[in-house]
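Thanks for coming. Please have a look at the structure on the screen, and then I will walk through parts of it.

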Amino acid sequence: MDQEIWKLVLEYLAVKENSRSNAEIKLLEERLNDWIANDPDRREQLEEALSLWQHTAQMPEDESWRESFQGIKKQIEQVPKRKLKILKWWPAATAAAIIGALVFFVAGDKKPLTVVQNQIVWITKTAAPGKIVNVILPDSSEIWLNSSSSISFPENLKHADIRNVKLNGEAFFKVKRDPAHPFIVKSGKIQTRVLGTSFNIRAWKGYGAEVTVLTGKVAVSKDSAGIQSAAVHLLPNQKVIYNIKSTQLMSENVDDAKASINWRTGKMNFDSTPMEDVFQIISRKYAVKIVTDQSFKNCELTAKFDNVEISEVMKTISLTFDIHYTINKQIIYIKGGKCN
């Protein structure tokens, strides 16, 4: 790829980020689409660029490419030599730009720049309410699904260049290390990239997603219509939270990341947790429906439960909020109650 194409790709990202001119963006998109479509060999280059991006996880800064390409070229030095056999002349920032270019859709009836030659067969595993399911993926990665959660993965995951999976709900991952084939989890509004590590993802519908790392390192980015933001990198005992209102990723340290997977052993830890969330967690864990005669919107619960019966949990809630409850099969009826 010559410098003119480098400039074109980087300019597209800069304009996409800063410009309000749809016409200018459209023109750059068309030029990029033509460049990729004119040479079938470039598809392989793009696949290699995806792997290269996994190792760099850096986007070009503003319009620094206009000044010099030297800084861009230096970024490639940290990439394993094995990765450079085909793309030794590709700078890391160019790979990052290609990632941005890969995901946009051009005007009219043209297809996205990424062309799927063979239809992918997806497999979905689900944990029913009240159940925790252990799933072994084709690549030997291991997943524990929390109640009411599901994981989807391609049938050919073991042989895929990039191991993509989709999560709904909550799961703990122990990913088999394979630097040549990055592992990507798409969950709600975020995307998590790893090589080989263990981490927990909580991504319930309607709630802010959360990623907590136990071992290794992950890169979490916002995923909006296939467009990824700059990645937030996490190390052990760190987590990132996606704020629904601000649509921002916020990282923080945690005292003990293992606490995030207490659900695997049936434990529930509540720390000033809104009661609406508490009821949701109880409903999933015990496969029950909770019906109240009033709102608990401003109530919070701080309590820890080991793997106890639902009756023990309800006794604690009853004493804390002065409620009356009855359990009829899989429905819990709650009357009264007040926040302390």
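Buried here means under 20% relative accessible area, exposed means over 50%, and partly exposed is in between, with a 1.4 Å probe and protein chains only. Before going on, a note on the source: this is a predicted model, where local features need pLDDT of at least 70 and side-chain atom pairs count only at pLDDT 80 or more, while totals for chains, interfaces and linings use all residues. Residues are numbered from 1 along each chain as its sequence is written, and side-chain values use heavy atoms, with hydrogens and water left out.

Back to I143, which sits in strand β3, residues 142–145. Helices (H or I, at least four residues) and strands (E, at least two) are DSSP runs, numbered from the N terminus. Not counting residues up to four places away in sequence, I143 touches V133, N134, V135, L137, I151, A171, F172 and F173. Contact means heavy atoms within 4.5 Å. S198 is 55 residues from I143 along the chain, and their C-alpha atoms are separated by 9.6 Å.

Now the chain as a whole. It has 8 helices and 19 strands. Of its 340 residues, 43% count as buried. Among contacts with a separation of 6 or more, 51% come from residues 24 or more positions apart.

Next, the strands around β6. How many of the residues of β6 are buried? The count is 4 of 5, in a strand that spans residues 183–187 and is mostly covered. Strand β5, residues 163–174, pairs with β6 in the parallel sense over 4 bridges. For pairing, DSSP has to find at least two bridges between two strands. In that pair, N164 stands opposite I184 of β6. Strand β7, residues 190–194, also pairs with β6, in the antiparallel sense and over 5 bridges. β6 and β7 form a hairpin with 2 residues between them, and G188 in the turn has a positive phi of about 60 degrees.

T192 is the bridge partner of V185. Its relative accessible area is 0%, so T192 is buried. Leaving aside neighbours within four places in sequence, T192 is in contact with F183, I184, V185, F199, I201, V211, V218, A219 and V220.

A second hairpin is made by β13 and β14, with 4 residues between the strands. These two strands pair in the antiparallel sense over 6 bridges, and I241 stands opposite M250 in β14. T247, in the turn, has a positive phi of about 55 degrees. In the loop between β13 (238–243) and β14 (248–253) we find I244. Is I244 buried or partly exposed? I244 counts as partly exposed, at 44% relative accessibility. Leaving aside neighbours within four places in sequence, I244 is in contact with G206, Y207 and G208. G206 is 38 residues from I244 in sequence and 8.4 Å from it in space, C-alpha to C-alpha.

Last, the helices and the sheet further along. Two packed helices are described by the angle between their axes and the distance between the axes. Helix α7 (residues 275–286) and helix α8 (residues 310–321) pack at an angle of about 165 degrees, with axes 12 Å apart. Axes are lines fitted to C-alpha atoms, for helices over the stretch in contact, and angles run from 0 to 180 degrees between N-to-C directions. α7 and α8 are therefore roughly antiparallel to each other; angles over 145 degrees count as roughly antiparallel, under 35 as roughly parallel, 65 to 115 as roughly perpendicular and the rest as oblique. From α7 the contact is made by M275, V278, I282 and Y286, and from α8 by I310, V313, I317 and F321.

α8 also lies across β18 and β19, running at about 160 degrees to β18. These strands belong to an open sheet of 3 strands with the order β16-β19-β18 and mixed pairing. β16 (289–292) and β18 (323–328) stand at the edges, each with a single partner strand, so one side of each has no neighbour in the sheet. On average, neighbouring strands of this sheet are turned by 20 degrees against each other, direction ignored. β18 and β19 (residues 331–336) pair in the antiparallel sense over 6 bridges, with N328 opposite I331 in β19.
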